[in-house]
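Me: Please show me the structure, and then let us go through it in questions and answers.

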Amino acid sequence: MKRAGVKRVLLAQWEASDWSWQDLLTLCKPRVVVVMLVCALVGMALATPTLPALATVVYGLAGIGMAAGGAAAFNHVVDRRLDAMMLRTSQRPLASRRMPTALALAWASLLSVAGISLLLWQVNALTAWLTLGSLIGYALIYTAFLKRATPQNIVIGGVAGAAPPMLGWTAVTGHLGPEPLLLVLIVFAWTPPHFWALAIHKRDEYARAGVPMLPVTHGEAFTRLQVWLYGWLTVAVTLLPFAIGMSGAVYLVGVMALNLRFMYWNWKVWRGADPQAPLAAFWFSIRYILGVFGVLLLDHYTGFWVM
């Protein structure tokens, strides 16, 4: 009887749903995945003095992209009640109850298994297992536990989100080294000022939802200071590729220009005089990280063609 009751509930949810294929795409957080794939592609390019093999690029990005989309869909499933309480996320497919949870869970599982399997089959085992670790770190450790347990959630959980350039590197080389770990460190240092700027802007929503984000637990002034300090940490880390000889003068000039603009927005957040600064800083930080990896790539191939 109990099993029949569950079936009736699931059938009723399915019949009442009003989802479309666009909702399946929404579950994958495509904008976030695109940024991750750009970082992974840069990792692939930097891993070899020439151009990476086309098959490795195609299969590697496809596998990493599907796994990232699966992790994002798991995030929707775990956070569906939380999303419903926040204006920014209340119209997501699960939060608005347009889509049955069972379908979203099946979609997340399908993408994750397909992505890891493709990497294992066509790329290499190291990249597959590292991708699986990142998926578990984001979908389970961060989303299901850290996000609700500590205001340092984004710092600790940032390791999983920082993995794409490393995954791109290992897809080409099959091994780790100091260079891909440095690429991870750049994204890891960038994540707190990037996300905490948005958290300041959305502080009231996080407070209503009971999520212990830093502006909620420690106040806006403290969070603004952390954005400023972590911004300087990001600047220091982005200079390391030049310091260790991984990049040259083209990268140094480009990253210094990006850092000036990045710290300008972080300064505006820290000062607290402009209520629109946190959101503007958040959006610029996305262009910033893409710019950092872009000038790394430009420097890499400028040196290649000069040679």
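Me: Is Leu225 buried, exposed or partly exposed, and what is its relative accessibility?
Reply: The model is a predicted one, in which local features need pLDDT of at least 70 and side-chain atom pairs count only at pLDDT 80 or more, while totals for chains, interfaces and linings use all residues. Residues are numbered from 1 along each chain as its sequence is written, and side-chain values use heavy atoms, with hydrogens and water left out. Buried means under 20% relative accessible area, exposed over 50% and partly exposed in between (1.4 Å probe, protein chains only). Leu225 therefore counts as partly exposed, at 31%.

Me: Which helix holds Leu225?
Reply: Helices are DSSP runs of H or I with at least four residues, and strands are runs of E with at least two, numbered from the N terminus. Leu225 lies in helix α13.

Me: Which helix supplies the largest share of the nonpolar patch?
Reply: The patch on the surface is formed by Leu225, Leu229, Tyr264, Trp267 and Trp270, with about 460 Å² of accessible area together (Shrake-Rupley method, 1.4 Å probe; only the protein chains shown count as cover). At least two residues each come from α13 (220-238) and α15 (249-271). The largest share, three residues, comes from α15.

Me: How many helices and strands does the protein have, and what percentage of its residues are buried?
Reply: The secondary structure comes to 16 helices and zero strands. Of the 307 residues, the buried share is 51%.

Me: How far apart are the end C-alpha atoms of helix α6?
Reply: The expected span of a helix is 1.5 Å times one less than its number of residues. Helix α6 (residues 101-123) has 23 residues and should therefore span 33 Å; this agrees with the distance between its end C-alpha atoms, 32 Å.

Me: Is Gly210 buried or exposed?
Reply: Gly210 lies in the loop between α11 (203-209) and α12 (214-218). Its relative accessibility is 57%, so Gly210 counts as exposed.

Terms used. Patches are made of residues with over 30% relative accessible area and no salt bridge: like charges are joined within 9 Å, nonpolar side chains (Val, Leu, Ile, Met, Phe, Trp, Tyr) within 5 Å. A salt bridge is a side-chain nitrogen of Lys or Arg within 4 Å of a carboxyl oxygen of Asp or Glu.
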